[in-house]
Number of protein chains: 2
Amino acid sequence: MISKKNNLSEKLIINKYLKKLNFNKKGTFNFENDGAYLELKNNNYKLTVTTDNISENIDFFSKDDPKSIAQKITTVNLSDIFAMGAVPHSYLLSLFLPNYINENWINSFTNQLKKIQNKYRFYLIGGDLSKSNKLIISSTFFGFINKNLEVFQNKFKLNDDIWVTGNIGDSKIGLEILKKNISTNSKTKQYFIKKYLYPKPHDLGPLIVNQINSMKDISDGLIGDLTDMLNGKYGALINLNKIPLSVNTKKILNNKNNLKIENLLNAGDDYGLIIISSQKNRNKIMSISSRNNVKISCIGKIIREKGIHFDSHFDMKNIKKFDHFS
Amino acid sequence: MISKKNNLSEKLIINKYLKKLNFNKKGTFNFENDGAYLELKNNNYKLTVTTDNISENIDFFSKDDPKSIAQKITTVNLSDIFAMGAVPHSYLLSLFLPNYINENWINSFTNQLKKIQNKYRFYLIGGDLSKSNKLIISSTFFGFINKNLEVFQNKFKLNDDIWVTGNIGDSKIGLEILKKNISTNSKTKQYFIKKYLYPKPHDLGPLIVNQINSMKDISDGLIGDLTDMLNGKYGALINLNKIPLSVNTKKILNNKNNLKIENLLNAGDDYGLIIISSQKNRNKIMSISSRNNVKISCIGKIIREKGIHFDSHFDMKNIKKFDHFS
């Protein structure tokens, strides 16, 4: 798939592969202008914006399937858009391409982007291409949200519920399997590796935005992101046995793999949502989630005592903050 | 200035250096959210968006003054915003930082950004920080434009005037001086090196938007960018002696430096505007430019014969298309 040398010109990449991603939207000028116009359908919405990057050897490896890399760059950004309570609108893509990138790679990468765009209904507005010694992808995403709404990450009250969507730790276990730190049977392996290579954003955000006080996606690990949300104001009491784990994760934890639940609490790349909301909205939140087939778990509550506390005793030293920057 | 090792955390960079750039705008959440809101003052405007990147060893060198690098990342983007006929609104900044970047570097870089933001009145909405082996800066800029206006790059008529703002080639000569391919006296050297290290965007765009048919900034060289605008539809007849040159460039050309005017016609990084407009607006365009102290030169006109033609004979082989991607 990957050749030693490429002969890709900027025009070829744009005309043959990127133009199909603009969905013929007028403001994109079919990528024949240096800029684009961003238009919303009417005046009842405002734009949310977020920017996130992924880099070779940090967030993925050069040998990874380009489909997985397309999945990652969209998920890291869509996840922020959903956590802002917004619906995806459009995006910009900056590609820093090393020589090993060939047409097959671009073809596979852009086909996967198109698939994801169709699923969540957003289009490519524009971007930039550069040469680089490592593959780096930088993307800016736009979403829209009712102009009277605003989602904060650190606004909540004492005794508010703390929720998490999806399962914690699947992606981390997938990475450890790829690093050969965990061994398991072939079918279970595939489950976890897929979770790691093809993380999905949780689109519950915009559906639940009226019921919540704060929301954030889990990109740096549950504990790290929750700590950011608490912002030194209040604390959280977490019920360890309420932490949502997949059936496969429970098997791995039981199989003496040297892996403990503590190791999963701050694993990056889960992309679930942490939601903090008033207890009085508990039923509404559960019914919206169930109606939309989203697994949601109430894992604890906001307490006065600062920091993160657990109802079970275990060694906090095992929880290390995950930092994409270090 | 540059140390072997840094100990910069993401939080330190954000809190100590980047927060001063958000100008306390509400939608930025003071960089404490993963996303931001983009709001325009009223409904009479639409947003324009552009994204451009600069990379170490391609667009600048690691030893360059961080002030110069700040100037370059803003100019490449502001130049597109002005060419869209828009007024700057805000921007996102993604920094890929190698280990040699220390606090002094960040301090100097962000101080220069603040200066430029104050000059053109725009603020930082958000961004992303990553580690990297080379310094790469990716930025997305927003501008606003009257919602009934739209600036194209390739809409014009036969006999339309072709204009250029500023001078052609100063930046290219600066680069050749740094590469020791051109020698001159110390004062002239400083003039050109400053033009290369501190390129300025041409803010005439939004002032002249009602008088023009097409507009584009010169980032890949006058001939390359004009060819893109012509888009294979019509041709251009250029009066070679109308190409605007600085007094210093004329001296260099006279000094037998092996440099010919042909070498300057496709030099990158001039950042002037190419404007195509109806002859009947000629006086208006000259008076708006003069009122705003912008040098503008009518260098030719649109003709039926495709391609770019000159009124003087010279060797076209010397004109090589500049390509940031190659």
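**Across the chains**

User: What's the bridge partner of Leu47(A) in strand 1 of chain B?
Analyst: Leu38(B) is the bridge partner of Leu47(A) there. Strands here are DSSP E runs of at least two residues, helices are H or I runs of at least four, and both are numbered from the N terminus.

User: And how do the two strands run?
Analyst: Strand 2 of chain A pairs with strand 1 (residues 36-38) of chain B in the antiparallel sense, over three bridges. To count as a pair, DSSP has to find at least two bridges between the strands.

User: Before I go on, is this predicted or experimental, and how is it numbered?
Analyst: It's a predicted model: local features need pLDDT of at least 70, side-chain atom pairs count only at pLDDT 80 or more, and totals for chains, interfaces and linings use all residues. Residues are numbered from 1 along each chain as its sequence is written, while chains are lettered from A and ligands numbered from 1 in the order in which they are written.

User: What scores did the complex get?
Analyst: The predictor gives an ipTM of 0.87 and a pTM of 0.90. Chain A averages a pLDDT (the predictor's per-residue confidence, from 0 to 100) of 90, with 93% of its residues at 70 or above. Residues 1-5 of chain A fall below 50, and that stretch has eight contacts beyond near neighbours in sequence.

User: How many residues touch between A and B?
Analyst: 45 residues of chain A are in contact with 45 of chain B, where contact means C-beta atoms, placed from the backbone, within 7 Å. On the chain A side, strand 2 gives the most, with nine residues.

User: Switching topic: which domains does chain A have?
Analyst: Domain 1 (10-146) and domain 2 (161-318), with bounds from an automatic or database assignment. Their C-alpha centres lie 27 Å apart.

User: Which element of domain 1 gives the most to the side touching domain 2?
Analyst: Helix 2 of chain A, with 10 residues. In total, 14 residues of domain 1 are in contact with 16 of domain 2 in chain A.

Notes:
Two residues are in contact if their C-beta atoms, placed from the backbone, lie within 7 Å.
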